[in-house]
Amino acid sequence: MSTVVPVFLYHAVSDDPPGWIAPYTVRPRVLAEQLDRIADAGLAVVPLHRLVGALRGGPPVPDHCAVLTFDDGFADFYWTVAPLLGERDLPATLFVTTGALHTPGHPADGSLLPPAAMLSWRQLANLDALGVEIGGHTRTHPQLDTLPGRRLREEVYGCKIQLEDLLGHPVSSFAYPHGYSSAAVRRCVQKAGWTSACAVANAFSSSCDEPLRIARLMVRADTPPELFRRWTQGTGAPVAPFPERLRTKGWRAYRRLRAGLGRPVGGPVET
């Protein structure tokens, strides 16, 4: 029997987020309550790389464990999230969109993310030194499964090069923007040297999950406390791996068509 692992996905953590990210934002008070709920449920929070190691044949993860991940690279991770994690001695992985980061006093290179307060490169290096696992989330945050080969490689390889140049050591964990991937995208990610990649799926990961399509549970502003409690108990969501849904394939085909016509669309986060 596989071990069920909730891999929680957060974005911004703020009392006053920009409107575009507000539906995916958790208030600091709520995050603190959720972290305490995880502890109360008896879950051991383990680093993502420990789950990845287990998926690749290494030592198994504990029967009752969870993983914490944060996407995009919002500045509130430095000022709000890191202290909450530090108080509880909890590991986490931060997936950053490198084009959204900036050098103090200078604008960012540019990304597809709307305006928001994002981390600086200096803050990212400090978080790395404090033990936060830094992962890649592309250069500009595109829908990777709609890109032609050259642009796909620029996003996947370029992000890795930028992070490793700054941090001075290899980075191995990746997360797909919007959770979107495909077989071709996953092959590119693997060839670039990423050893794991997180999707969304709104499902539990498990000791049988796919290292390049790790399922996560997205925590939103409107996630009911009762549902979060059920997640900490290993219920309330399907368990990965499972076949790609037909609606996912159809949604990808539609997005590719619109992108090919020069009229790309956004949409719900799924995989």
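Reply: Helices (H or I, at least four residues) and strands (E, at least two) are DSSP runs here, numbered from the N terminus. This is a predicted model, so local features need pLDDT of at least 70 and side-chain atom pairs count only at pLDDT 80 or more, while totals for chains, interfaces and linings use all residues. Residues are numbered from 1 along each chain as its sequence is written, and side-chain values use heavy atoms, with hydrogens and water left out.

On to your pocket (an open set of points on a 1 Å grid over the protein atoms alone, where a 1.4 Å probe fits, with protein on both sides within 12 Å along at least five of seven lines; lining residues have an atom within 4 Å of a point). The largest pocket is lined by 30 residues, and those nearest its centre are L112, L113, H141, Q143 and H178. Three elements that each put at least two residues into that lining are β4 (65–72), β10 (214–218) and α8 (246–260). Its volume (the space filled by probe spheres set on points joined across faces, edges and corners) is about 590 Å³. By class, that lining splits into 17 nonpolar (Ala, Val, Leu, Ile, Met, Phe, Trp, Tyr, Cys, Pro), five charged (Asp, Glu, Lys, Arg) and eight polar residues (the others, Gly among them).

For context, the second largest pocket has a volume of about 260 Å³. V30, E33, Q34, T223 and P225 lie nearest the centre of this second pocket, out of 13 lining residues.

Now the rings. There are ten aromatic pairs in the structure (Phe, Tyr and six-membered Trp rings with centres within 6.5 Å; planes under 30 degrees apart are stacked, over 60 edge-to-face, the rest tilted). One of them joins W20 and F74: it is tilted, at 6.0 Å centre to centre with 40° between the planes. W20 sits in the loop between β2 (7–10) and α1, and F74 in the loop between β4 and α3 (76–88), so this pair ties together parts that are 54 residues apart in sequence. W20 is partly exposed, at 28% relative accessible area, whereas F74 is buried, at 4% (buried is under 20%, exposed over 50%, partly exposed in between, with a 1.4 Å probe and protein chains only). Another pair, F174 with Y176, is edge-to-face, with 5.7 Å between centres and 75° between planes; both of these residues are buried. F8, F228 and W231 make up one aromatic cluster.

Two charges also sit over rings (NZ of Lys or CZ of Arg within 6 Å of the ring centre and within 35 degrees of the ring normal). R255 has its charged end over the ring of Y180, 3.6 Å from the centre, and K160 lies over the face of W194, 5.5 Å from the ring centre.

Last, the cysteines. The count of disulfides (cysteine sulfur pairs within 2.5 Å) is zero. C65 is in none, as the nearest cysteine sulfur, that of C208, is 13 Å away; that separation is too far for a bond. C65 counts as buried, with 0% relative accessibility, while C208 is partly exposed at 49%.
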